[in-house]
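Here are my notes on this model, written as numbered points you can follow with the structure open beside you. Take them one at a time, and look up each residue as you go.

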Amino acid sequence: MPEKILDDISHRRYNPLRGTWLLVSPHRTKRPWQGQQEAASKITLPEYDPSCYLCPGNKRAQGDLNPQYKSTFVFVNDYSAVKEEQAEYKQQGDPNDLSNLLLRADPVTGKCYVITFSPSHNLTLADLTPNEILPVIQTWTQIYTAHLSPKSPLAAVSKPSTIAPASNSISAPNAQYRWMQIFENKGAAMGCSNPHPHGQIWTTTGLPEEPSQELEQLKKYRREHNGKSLLGDYAKLEMEKKERIVFQNTSFLVVCPWWAIWPFEVMIISKEHKRALVDLDDGEKLDFAEAIAEVTRRYDNLFETSFPYSSGIHQAPLEGTDEEIEASHFHMHFYPPLLRSATVRKFLVGYELMAEPQRDITPEQAAARLRDCGGELYRKHLK
Ligand SMILES: [Zn+2]
Ligand SMILES: [Zn+2]
């Protein structure tokens, strides 16, 4: 295996999904793993918190009352980052004017939602079974469908489903938005202000930087390789190599990607070419729920703590060219900051900010550790 030498030498790895490089310095982790010294942390949150704005039956900041929901609940963010209505803005004057060249701005409108994952204040995705995660996926799908451009080829394939969606209905947006970002910030380390398990969905008029960069790379690969999917080919290669796989089922592959920046970064990739949530049938949605359950439970088991991360789904834009939609390949990223224990975190500083991202532990080592910590959630045994 020619790659074996890469366990010992500093090298750069290419990220074909973004067209960027990162520095890997595996010799810095040659010392044996010390293991974590801290006591496993117990979740001490109550099942219901009367002061939480996400718990069923509670009042939110602007006076709205949450229903007594049973699985998931969606509402428009009371403090949205973008709004549907705002004052018009257009740059004036000569486009070659220095101000218009160097001080550019574009208005952005959109709609932001909050989605709770469970009515219980103290249950995270790691505590939920695949069947309990399924309504969350169904609700994501429902919101994606409600915002899809009627001109998109995806609008026609929206599959009928027998999975019950969220407890409340989602009203159609006022305008056609271009992008929907589904994401979760988990834990105070990731700036999450409320421990009640929830995620967010922001839809916007423009295509944001990360998906835009990925879409360019996906389109380029498709053009240069007879219509093939970069991530489809990558998933096949990882299944052959078996070096970075954490978990897999019929529809999804969980890997620490070759180009991972964060120590225990993980990607869930659809094995077949799926463009968006609406391409998944009920069985594939359950496989996706199982993949999410496996990632989050292994994360918590790794350092026996409630593992912080930011996660997000990349899929086809709500509105786009046929090429953009066909080049999209459904996947989910998990970016966790923890490095060696519940308290030692990695920061992107210094060299990472000024030159390029850098990591010590290799993605192969990270995958092996995550493979080894499946099984029951550690805190089920804690008293
Ligand atoms: Zn709560
Ligand atoms: Zn992505």
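1. Start at His121, which is found in the loop between strand S4 (110-116) and helix H2 (130-147). Helices (H or I, at least four residues) and strands (E, at least two) are DSSP runs, numbered from the N terminus. His121 is buried, because 21 other C-beta atoms lie within 10 Å. A residue counts as buried if 20 or more other C-beta atoms lie within 10 Å of its own, exposed if 12 or fewer, and partly exposed in between, with C-beta atoms placed from the backbone. Leaving out residues up to four places away in sequence, His121 touches Leu45, Pro46, Glu47, Tyr48, Asp49, Cys52, Cys55 and His196. Here two residues are in contact if their C-beta atoms, placed from the backbone, lie within 7 Å.

2. A word on what you are looking at: this is a predicted model, in which local features need pLDDT of at least 70 and side-chain atom pairs count only at pLDDT 80 or more, while totals for chains, interfaces and linings use all residues. Residues are numbered from 1 along each chain as its sequence is written, and chains are lettered from A and ligands numbered from 1 in the order in which they are written.

3. Which residues does the UniProt annotation "binding site" cover? The unreviewed entry lists Cys52, Cys55, His121 and His196. They are spread over 145 residues of sequence, yet they cluster in space, with a largest C-alpha distance of 8.2 Å. Do keep in mind that UniProt positions are given in the numbering used here, feature names are shortened, and annotations may be inferred rather than shown by experiment.

4. Now look at Cys52, in the loop between strand S2 (20-24) and strand S3 (73-76). Is Cys52 buried, exposed or partly exposed? Cys52 is partly exposed, because it has 18 other C-beta atoms within 10 Å. Beyond its neighbours within four places in sequence, Cys52 is in contact with Asn58, His121, Asn194 and His196.

5. Next, the overall picture. The protein has nine helices and twelve strands. Its radius of gyration, taken over C-alpha atoms, is 21 Å, which agrees with the value near 21 Å for a compact globule of 383 residues; that globule rule is 2.2 Å times the number of residues to the power 0.38. The C-alpha atoms fill a box of roughly 60 × 55 × 45 Å along the principal axes. Buried residues make up 39% of the 383 residues.

6. One sheet is open and has nine strands, in the order S3-S4-S6-S5-S10-S11-S9-S8-S7, with antiparallel pairing. S3 and strand S7 (245-248) stand at the edges with a single partner strand each, so one side of each has no neighbour in the sheet. From one strand to the next, the twist averages 20 degrees. Two strands pair if DSSP finds at least two bridges between them; S3 and S4 are joined by four, running antiparallel. Phe75 stands opposite Val114 in S4.

7. The other open sheet to look for has three strands in the order S1-S2-S12, and its pairing is mixed. S2 and S12 pair in the parallel sense over two bridges, and Leu23 has Gln358 in S12 as its bridge partner.

8. What about the nonpolar core? The largest one has 79 residues, and Ile133 and Val254 have the most contacts inside it. Such a core is a set of buried Ala, Val, Leu, Ile, Met, Phe, Trp, Tyr and Cys residues joined through C-beta atoms within 7 Å. Helix H6 (residues 282-302) gives the largest share of this core, nine residues. Not counting residues up to four places away in sequence, Val254 touches Val246, Phe247, Gln248, Val266, Ile268, Ala291, Glu294 and Val295.

9. Finally, check two backbone angles. Most residues other than glycine have a negative phi. Lys242 has a positive phi near 55 degrees, and Glu304 has a positive phi near 45 degrees. Lys242 is exposed, with 9 other C-beta atoms within 10 Å, whereas Glu304 counts as buried, with 20 C-beta neighbours inside 10 Å.

Methods:
Axes fitted to C-alpha atoms, helices over the stretch in contact; angles between N-to-C directions.
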